[in-house]
Amino acid sequence: MTQETQVAVETEDDPGPLAGAVTGAAYGVLFLLGVVLGVVGGFQHAWYAGQVPVAAIAWLVALFAVPYAMGRLMGGKLGALVPAAGWLLVSFLLATPQRAGDLAIAGNSAGYWYLYGGAVAVAAAVVVTRSAGSWLLGSYGRL
């Protein structure tokens, strides 16, 4: 007598039980990436070359590139939005005065370039990231 073994095969229609957990973990790691960008950038944005805040301007490039790349790798705008949200949360917390009066992102030119320019950079990265498909048009077969 032989026993037949059933093998679970994941297909696109039936992704399997671990697909949701892996996707959630991936987005969690992307959020942590945004948090790390915010913490490191919040303390390292104030390097000047003369009167030019070169570190803050260099962070603008990184703050556009990282969410854009993650959105492209994940195949949608949510992949760009999650690290951008992590960065925004940490950066604006570091820009608020604490009880002792300290803050990491000061109200000088480097702080303004980093905070407000960074907000524009991550928003632009989310906007220009292509989605894999439209949920609105996909239901009508117009993809």
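Helices here are DSSP runs of H or I with at least four residues, numbered from the N terminus. By that reading, Ser91 is found in helix H3. Please keep in mind that this is a predicted model.

**Ser91 and its surroundings**

- Ser91 has a relative accessibility of 0%, and buried means under 20%, so Ser91 counts as buried.
- Leaving aside residues up to four places away in sequence, Ser91 touches Gly38, Ile105, Tyr114 and Leu115.

**The aromatic rings**

- A pair of aromatic rings is described by the distance of the centres and the angle of the planes.
- Four aromatic pairs are present in the structure.
- One of them joins Trp59 and Tyr114 edge-to-face, with 6.2 Å centre to centre and 85 degrees between the planes.
- This pair links distant parts of the chain, since Trp59 sits in helix H2 (residues 54-74) and Tyr114 in helix H4 (residues 109-128), 55 residues apart.
- Both Trp59 and Tyr114 are buried.
- Tyr114 also pairs with Trp87, again edge-to-face, at 5.6 Å centre to centre with 75 degrees between the planes.
- Trp87 belongs to helix H3 (residues 77-94) and Tyr114 to helix H4, so this pair ties together parts that are 27 residues apart in sequence.
- Trp87 is buried, as is Tyr114.
- Taken together, ring pairs link Trp59, Trp87 and Tyr114 into a cluster.

- H2 has 21 residues and reaches 31 Å from its first C-alpha to its last, which is close to the 30 Å expected at 1.5 Å a residue.
- The buried residues in H2 are Ala55, Ala56, Trp59, Leu60, Leu63, Pro67, Met70 and Gly71.
- Seen down the axis of H2, these buried residues fall within an arc of 155 degrees, so they line one face of the helix.
- As background, an α-helix has 3.6 residues a turn, so residues three or four places apart point the same way.
- The buried residues of H2 pack against helix H1 (19-44), H3 and H4.
- On the face of H2 turned away from its buried side, you will find the exposed residues Val61 and Leu73.
- Just after H2, Gly75 takes a positive phi of about 85 degrees.

Definitions and conventions:
Residues are numbered from 1 along each chain as its sequence is written. This is a predicted model: local features need pLDDT of at least 70, side-chain atom pairs count only at pLDDT 80 or more; totals for chains, interfaces and linings use all residues. Side-chain values use heavy atoms; hydrogens and water are left out. Rings of Phe, Tyr and Trp (its six-membered ring) pair if their centres lie within 6.5 Å; planes under 30 degrees apart count as stacked, over 60 as edge-to-face and the rest as tilted. Helices (H or I, at least four residues) and strands (E, at least two) are DSSP runs, numbered from the N terminus. Buried means under 20% relative accessible area, exposed over 50%, partly exposed in between (1.4 Å probe, protein chains only). The expected span of a helix is 1.5 Å times one less than its number of residues. The arc is that of the directions from the helix axis to the C-beta atoms. Contact means heavy atoms within 4.5 Å.
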